[in-house]
Amino acid sequence: MTPQNLMLLPLSTPKLSIGCPILDHCLGGGIACNSITEIVGESGSGKTQLCLQLTVRAQLPPSHGGLGGSSIYIFTEFSFPFRRLQQLGNLYHASYPNLLRLEPLEDIYVHGVHDAQELIHVLGDIEAFIAIDHTRLPVKLIVIDSIAALFRSQYQTTPADLKRRSEMFFNISGTLKGLANKYGLAVVVTNQVVDFIGPHHGVNGVRLGNLESMDTSGRRVSPALGLAWAHCINSRVFLARHEQSIEVDIRNAPPTSICSQTHRTFHLVFAPHLAYASAEFVIKKEGIVGVSQ
């Protein structure tokens, strides 16, 4: 790259707002385009909720924190939560009636895949789909929920299988980064966590990002897929949850009734040029919302 090329680069990367100033601040403005952002957390932490929220918000114009584009949502496990997406679409249309069409789901394209090789094939189809401009709005967001599910049982722990798995990681991430850079997309992938047993600092003694450890539901965990996959992404967000028992006074109940309350925390583990940031959040009808401290 020459100095002349650098002068032609945009001063800032477009970002997709989560729709919450508190969480956007953690990300330096939102989910960055031209890169891969990973959202990692245990089941029920809010990963899919956040992804659904982003697919609707992506349709808003940049002046309102969106990308003015449609989304492709690739799901790899369970059934796709169409009902929840419809609920979010209706809520956002009511809030932005002049900016979103009556049926926001018509600008979200959903596809299921079952293994890593199928994902590679689908990504090739997606590039052709984007290139011939089949959509009302240009595709500006690709979501894969979740990447870990594709590798859960397909590969063993033999050296040969681990090598093939790493090659598949680089193939998938290279294709995604190519699409992101070529078409100015934001790419979001979700990842699962596994219980961690090992040194006190980092993963296998190697610290990645701003957190010395990742804890959720009273367990120390690490992102699935290991270091090889960690080097394939540009940013990592960790969604943690913790259950807390509290005493409450309830009419017609014993004076020391105990209720369980869920605390959720949004951690920016690493991202280019951004320091560590975190915020508590809640999941409401209208999506994920940060909580002021």
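This is a predicted model: local features need pLDDT of at least 70, side-chain atom pairs count only at pLDDT 80 or more; totals for chains, interfaces and linings use all residues.

Student: Why is the pair Glu42 and Arg219 called a salt bridge?

Tutor: The N to O separation of these side chains is 3.8 Å. A salt bridge requires a side-chain nitrogen of Lys or Arg within 4 Å of a carboxyl oxygen of Asp or Glu, so the pair qualifies. Glu42 lies in the loop between E3 and helix H3, Arg219 in strand E10, and 177 residues separate them.

Student: Is Glu42 buried or exposed, and how do you know?

Tutor: Its relative accessible area is 12%. Buried means under 20%, so Glu42 is buried. Arg219, at 28%, falls between the limits of 20% and 50% and therefore counts as partly exposed.

Student: What makes Asp195 exposed?

Tutor: Asp195 has 52% relative accessibility, and exposed means over 50%, so the term applies. The side chain of Asp195 also meets that of Arg219 in a salt bridge of 2.5 Å, N to O. Shared partners join Glu42, Asp195 and Arg219 into one network.

Student: Why is Asp107 called buried, and which residue does its side chain meet in a salt bridge?

Tutor: Asp107 has 0% relative accessibility, under the 20% cut-off, so Asp107 is buried. Its partner is Arg136, at 2.8 Å, N to O.

Student: Which residues touch the most other members of the largest nonpolar core?

Tutor: That core has 42 residues, and among those with the most such contacts are Ile74, Ile126 and Phe238. A second, separate core of 39 residues includes Leu50 and Ala271.

How values were computed. Residues are numbered from 1 along each chain as its sequence is written. Side-chain values use heavy atoms; hydrogens and water are left out. A nonpolar core is a set of buried Ala, Val, Leu, Ile, Met, Phe, Trp, Tyr and Cys residues joined through side-chain atoms within 4.5 Å. Buried means under 20% relative accessible area, exposed over 50%, partly exposed in between (1.4 Å probe, protein chains only). Helices (H or I, at least four residues) and strands (E, at least two) are DSSP runs, numbered from the N terminus.
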